[in-house]
Amino acid sequence: MLVSTVIGVNYGCLPALSITNVSKKSKIMSSIFKKTISVLGFLSIVGVGYCQELMMSFGPTFTTTEQIIPIVNGGMGDTNTDYMFSISYEHFFIKKPFSLFASFVRFDGYTFMFFEEGGFISYGNEIVGIGFSGVKVNRFDMGINYRLINRKKKFYLSPFIAMGVQISRKTGVEIYSELTPVNGPNYFELEPISADPRNTTQIVPSLGFRTGFIFWKRLNVGLCFQGVYAYKAYQKMYLKYEYKGVEQPTAEYEATGTGLYVTLGVGY
Amino acid sequence: MLTNEESDDWTNYFTLNSDGSINTEKKVFQPKFNSAQTVDGKLAISNISWVESANGTPIFQWVYSDNSSSTGLNPTRTINPNETLSVTVNDGSGTSQTLNIEDILACSVENFAITNMGNNLYKFGPSFNASSSPYYTKWVFSDGTTSTANPAFKTFTSNGTVTCQAWRVSDNTLACQFTKPVNIKCGDKKEKSVTHIFNNAGGSGQKWKLDCSIWVQSSEVGCKSKYLKRVGFAWLPANNQGACADISGTYKREVNNPNKICNDITASGSKCLGNGTYPTSVSFTISEVPSVFREPNLLSSGHRIKVNGVWMGPGTGTMPRLFLD
């Protein structure tokens, strides 16, 4: 049996399957194709047809550094810790307002601790923050989009909900805290700043929305805003110190991956 | 408690002649024991000797203080502190060797401990107590040097061997000896990093973030300066007057011809970007063969950015360079 099929490579929203010729050659091949046809037949019943999109994106990560025990007068500090690349796949169903997607992001996991302005002078430079990245964080999300605007319009706006697996892995990099000892005028370290990167695996829920424009019915230029909640610390930082001559509780900062991830991408 | 050693650690053997010299016959008896003190204060002997015989199975006969005896690889009971013990090893063809308790303890692996102190400095010992022991140790190194120090220290610059000998003080004869390979290690891989956030950089009122990294990794030696300017709520690439990353010092390259040796390699170089707006980082790397290692505190990097006419970062002004310790 010679079977020629076109399966799911139609990046626009074309029919999912066409069979052009069939001839008998082998029962095994016949069985395989019958099963394939059954699956695609099921899909066509459920979704009438479908199309897909691949998107490459880049953008900043605004991960929060949790202040478990904050530095005295250290301030809230910073969230935009790094930039990341993202790749995503989206699966549309014709005439349905929703779509399924899967995405993968990878970024350096940073933790920062912050000081009062003017409280930490190092070799003539005023330092307001010390940071470190000792982990690589990978996150794989799967979720569902819902289109709020008619899909025939160029502009789209789609809120989504997703669940992901976030995995952090230690890189083996060590913090070089001895380079800049915390040595006044307000803060004096009792021990150098230390970091504790960790291998973690956790399920992370997220909410967000996508927006952008579709050109020529295929080229997508869009933004994605994704808020992620994570609960396991992938890296902690500590500082045992005095502030203006008074010993303080050891400062403890941690990062979990909770934050806002913004990407600008191109899809087809 | 003494622990057994891996059998392949001790590749050579010896056989004892009555005068303590090495017997080159095919029959081999390499006495080697583990000893441990039990909870009730007695001594447990474990026999890990190597016996090679062309004629039948060797027999170990143990004779205790009360003249009772047992046969088998190990004694059948523990020994009181002042008790005597001897073992006679018979190769099955008339050749035999007897060791008393002192010889057994002298040939315990505990007396030949070898410890890598780092950077290919080895410690040999602890050895016998020079004031009370009927034995002393002598270490014979493959480069021809020897030492009777207690403990002895030696730095190996290439792979070699050490022959560990126990000598009887009474007649200055050799009780036993083992030869052990010493495999040097050229170092390890390492990467260090830290991020500084400068406030009012160069008096400009701007906030800059400088990420400094130095590494000796699988096949690369390098350093990187990553820099961003605070604009509103985000760190973004922005115009500055210069950015540099430089490296200097030495690292190790391992060469295996014919024996492993560790060569010192000089690292030197930098990469700088002039005035302008560039992507977020500048790095300088040296691509190498996989067998490169760091030498503690001998490789350093400088990282700097120029804002408002002022250079800042490790390696500028009084701020120290980033050393890979």
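Let's start at the interface: 20 residues of chain B are in contact with 22 residues of chain A. Contact here means that two C-beta atoms, placed from the backbone, lie within 7 Å.

A word on the source. This is a predicted model, where local features need pLDDT of at least 70, side-chain atom pairs count only at pLDDT 80 or more, and totals for chains, interfaces and linings use all residues. Residues are numbered from 1 along each chain as its sequence is written, with chains lettered from A and ligands numbered from 1 in the order in which they are written.

Which elements does chain B bring? Two or more residues each come from β16 (190-198) and β19 (234-236) of chain B. β16(B) gives the most, with 8 residues. Strands are DSSP runs of E, at least two residues; helices are runs of H or I, at least four; both are numbered from the N terminus.

Now the pairing. Strand β7 of chain A, residues 174-175, pairs with β16(B) in the parallel sense, over 2 bridges. To pair, two strands need at least two DSSP bridges. Glu174(A) has Lys192(B) as its bridge partner in β16(B).

On to chain A itself. Chain A has 1 helix and 13 strands. Among contacts with a separation of 6 or more in chain A, 68% join residues 24 or more positions apart.
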